[in-house]
Amino acid sequence: MLAYVIRRILILIPMALVISFLVYLGLELTPGDAVSHMISPEMMASISAERLDALRESLGLEQPFFVRYWIWLQGMLQGNFGYSTAGGVSIHTILSDRLPATLELSAVALLFSTIFGCVLGVISALKRGSTTDNVLTVTGMLGVSVPEFFFGLVAILIFALKLQWLPVGGRLLPGYDSYWDHVPHVIMPALVLSIMMTAGVMRYARSSMLDALSKEYIKTARSKGLPEWRVNLLHGFRVALTPVIVLIGFRLPVLIGGSVIIEQVYQWPGVGSEFISAVRSQDYPLVMMIALLSVMAVLTASLLVDILTALIDPRVRLDK
Amino acid sequence: MSVTHDSGRKKNHLDRQFDLIRRREEAGELSNPKGYRFARKFLSNRLAAFGLVVFTLIVLVSVLAPLLTPYNPRAIDLRNILKPPTWEHWFGTDKVGRDLFTRVLYGGQISILVGLGSALASAVVGVLVGCYTGYVGGWRDALAMRVSEIFMSFPQIILVLLLVAILGQSLSNLIIIFILTGWGGIYRLARARMLSLREEEYVQALRSFGLSTPIICYKHILPNALGPIMVNITLSTAAFILAEAGLSFLGLGVPLDIPTWGNILNVAQDLRILENNWWVWLPVGIVISLFVLSVNFIGDGLRDATDPTQQG
């Protein structure tokens, strides 16, 4: 098992290096003085031209390209992501401010979509061919066809503006920081964000459940005289669920993509809305860094999926 | 006794049916044109047929926009600002008095062009690369695979926005960006089909005839992989239309002076418009949803009609 994990990581490292290299190449090619995103703006304003040249020297900016890349990479690994050119704030600070909000939103959306997707998918499979099944299938298609932000707008109109049950957007009002204060703010964006994923999980859970129900051991369980719900839940559902849970790791890109737009709709102070404003103001260092971060998240998730799959199914890790 | 009698009758019945089929065959009625079975299967799927009707309707209405509406989609009319729907303005008017029905029709032209055009172009790139490298294998295959892995390890919208930041905003840039971010999926599909098809005996036969590689892979193998590729094109059309709408909604897609479905929705970020002027954003949102839904239904229908193993 350990050998398998190590092998997977070894495959991942060159990939991560190539992408970080491309990002660095992008940073070098985009307009702007490289010094300006490597030191803080206060420092930039207060130093003389000679000092700046000396600084350039010490930061390695006169060195050949690959050496510069190497220095930059070392900085990255120590959490030195450089400075945003638009706001002049350290990117590390921006990310540590914004990341908790995004993680909160994504985690709740992931939870919703997993629960709803599995439950609806299993119901759909158990009632295969019935009206319920057809209605659920068409609803699922609707879920992947309606733009997420349009769902968001309709939800804002109904629940925030007309009924006034929930706030229009934002995360927390100043001074309200208890556990329960989070709930009204997060619930609408998370539900909207989870719609598309719910539809995907549902479709997958349905076919996985149908697959499990056609197996011989289900017949055996029935012939033992077990009640139908026990057959379905304990024998069918348990087996059907494993691939569904594993698949959720692969849904991370969908989640990240969706959260970029949904954060904007709900003025959610997360990485996604920061990314949008960075793209608008052409703040290249910040754009590149967030993109790099999202790639690393996706690569890590795929590694975890592989490890999880190998834990569940021993055949995978023996397969070269 | 009754059993043999029964089976005898059944046999007679089968014989008669067989004769009938043979007669038809000799009369040439059964040599149905290619695609007949496919079309019947596709249309017998009610959702797919519904999708095809809605899709055709929206495309036709968009293309025929100049005949269907007397207004100019960019004509500003400051005396008719934010008017609710009337007989003159079916979907009402927007913040500067432009007729929204007209804008939805003309916007459809651009949105559909972006969606369908990007899907087709990225399919061409993906198929050309995937078929060739999948067939020849070796370092070309490995290289193409690595490149596609790099593209696909970005969440799509992040890569799109990153490229928008670098290349700048314009209609042609958006299509180029969509092609760059979209070719990977179809490339992998084409490559995977190629890997299994190139071992078939007919391919070995072609090779032993001395046919050139491009002819074998594009003329003789590609047609056998067309089913899943078509399904993929429809599904990526749906995805690109959603992506265009999302990006333009954010103000980062097609430049705002060109009417597209996403650009019309852009104003709904304003909460006052969202609350008070539903006609500005609701109809166009429904049109986008209906269109994408119809494309998805078509894609599903195609999958069922072309792939007999995936029915359920």
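This is a predicted model: local features need pLDDT of at least 70, side-chain atom pairs count only at pLDDT 80 or more; totals for chains, interfaces and linings use all residues.
## Two interfaces to look at

Chain A splits into domain 1 (17-77) and domain 2 (98-312). Chain A and chain B bury about 3,600 Å² between them, while domain 1 and domain 2 of chain A bury about 750 Å².

**Between the domains of chain A**

- Domain 1 of chain A brings 10 residues to the contact and domain 2 of chain A brings six.
- Carbon and sulfur atoms give 94% of the area buried between these domains.
- On the domain 1 side, Ile19(A), Val23(A) and Leu27(A) lose the most area to domain 2, together 47% of what that side buries.
- Helices α1 (2-29) and α4 (65-77) of chain A each supply at least two residues of the domain 1 side, with the largest share, five residues, coming from α1(A).
- That domain 1 side has six nonpolar, four polar and no charged residues.

**Between chain A and chain B**

- Here 44 residues of chain A meet 37 residues of chain B, and 80% of the buried area lies on carbon and sulfur atoms.
- You will find one salt bridge between the chains: it joins the side chains of Arg203(A) and Asp300(B) at 3.0 Å, N to O.
- Five residue pairs are in polar contact across this interface, both residues at pLDDT 80 or more.
- The elements giving two or more residues to the chain B side are α6 (138-152), α7 (156-167), α11 (226-250), α13 (271-276) and α14 (278-306) of chain B.
- The largest share of that side, 12 residues, is from α14(B).
- By class, the chain B side holds 26 nonpolar, seven polar and four charged residues.

Methods
Residues are numbered from 1 along each chain as its sequence is written. Chains are lettered from A and ligands numbered from 1 in the order in which they are written. Side-chain values use heavy atoms; hydrogens and water are left out. Contact means heavy atoms within 4.5 Å. Buried area is the accessible area (1.4 Å probe) that two parts lose on being put together, summed over both. A salt bridge is a side-chain nitrogen of Lys or Arg within 4 Å of a carboxyl oxygen of Asp or Glu. A polar contact is a pair of N or O atoms within 3.5 Å; within protein, one must be able to donate a hydrogen and the other to accept it, and residues adjacent in sequence count only if both atoms are side-chain atoms. Helices (H or I, at least four residues) and strands (E, at least two) are DSSP runs, numbered from the N terminus. Ala, Val, Leu, Ile, Met, Phe, Trp, Tyr, Cys and Pro count as nonpolar, Asp, Glu, Lys and Arg as charged, and the others, Gly among them, as polar. Domain bounds come from an automatic or database domain assignment.
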